Amino acid sequence: MRLDDEQRDAADFLAVVLAVIVLACLAVCSSCNCQGPSMRTPNGYPIRQCSQPTYSVADGVPADLVERAFRFWDDFRPLSPTLAGDPLSATVHVVLVSAETSSTVLVYDTSGCITRAEVRIARRHLADPERLERIMIHEAGHVLGLDHVAGTGLPMSAWQ
Ligand SMILES: [Zn+2]
């Protein structure tokens, strides 16, 4: 009999612990505004930006081209990046690198939202403004969370 009581106590204790864990999870989840990858553009593309990003442009990168590239993805409003008043506060940085290819590095939080991005424009691409614009549009798509698509000639085709 005594053992049964102890088992019942243990079961009650476990039930309380589980309830606390579930409530804590619910509190954490409901405090997160991030709708994460479940958000989609009208065209059905996943959005992985969960709050308004701001960007900075390093010296030497044409700022007007960067602006046009972000505006290209109109479906993403109001989550498409805007120019940061203070470059240090920007969550997206567009920089020049001495590399063969341009690329974008993304940082995600645990809910799948992009919290930081660095667009690395290859210095050699500055010599070809038309190609640079295509590349910047492509990288801006990555900043918003878009992946590559199959086929060629599209903004998110792997090769630009
Ligand atoms: Zn790419």
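This report describes the fold, core, disulfide and zinc site of a predicted model.

## Basis

Local features need pLDDT of at least 70 and side-chain atom pairs count only at pLDDT 80 or more, while totals for chains, interfaces and linings use all residues of this predicted model. Residues are numbered from 1 along each chain as its sequence is written, and side-chain values use heavy atoms, with hydrogens and water left out.

## Overall fold

The protein chain has 3 helices and 5 strands. Helices (H or I, at least four residues) and strands (E, at least two) are DSSP runs numbered from the N terminus. Read from that end, the order of elements is α-β-α-β-β-β-β-α.

The chain has 160 residues, of which 32% are buried. Buried means under 20% relative accessible area, exposed over 50%, and partly exposed in between (1.4 Å probe, protein chains only). Among contacts (heavy atoms within 4.5 Å) with a separation of 6 or more, 63% come from residues 24 or more positions apart.

Helix H2 spans residues 63-72, and its residues Leu 65, Val 66, Ala 69 and Phe 70 are buried. These residues lie on the same side of H2, because they cover an arc of only 135° around the axis; the arc is that of the directions from the helix axis to the C-beta atoms. The cover over the buried residues of H2 includes strand S1 (54-57), strand S3 (92-97) and H3.

The largest nonpolar core contains 22 residues, and Phe 70, Ile 121 and Met 136 have the most contacts inside it. Such a core is a set of buried Ala, Val, Leu, Ile, Met, Phe, Trp, Tyr and Cys residues joined through side-chain atoms within 4.5 Å. Two or more residues of this core come from each of H2, S3, strand S5 (114-122) and H3. H3 gives the largest share, 7 residues. Leaving aside residues up to four places away in sequence, Phe 70 touches Tyr 55, Ser 80, Pro 81, Val 92, Met 136, Ala 140 and Val 143.

## Hairpin and disulfide

S4 and S5 pair in the antiparallel sense over 6 bridges; two strands pair if DSSP finds at least two bridges between them. Val 107 has Arg 116 in S5 as its bridge partner. The hairpin of S4 and S5 has 5 residues between the strands, and Gly 112 takes a positive phi near 90° there.

A search of the whole structure finds 1 disulfide, a term for a pair of cysteine sulfur atoms within 2.5 Å. Cys 50 is joined to Cys 113, with an S to S distance of 2.1 Å. The torsion about this S-S bond is about -90°, so the disulfide is left-handed. Cys 113 is buried, at 3% relative accessibility.

## Zinc site

His 138, His 142 and His 148 are the protein donors of the zinc ion, each through NE2, at 2.0 to 2.1 Å. Donors are N, O and S atoms within 2.8 Å of the metal (3.2 Å for Na, K and Ca); water is not among the atoms, so sites may look incomplete. Along the chain the donors follow the spacing H-x3-H-x5-H. His 138 is in helix H3 (residues 129-144) and His 148 in the segment after H3, 10 residues apart.

His 138 is buried, with a relative accessible area of 4%, whereas His 148 is partly exposed at 44%.
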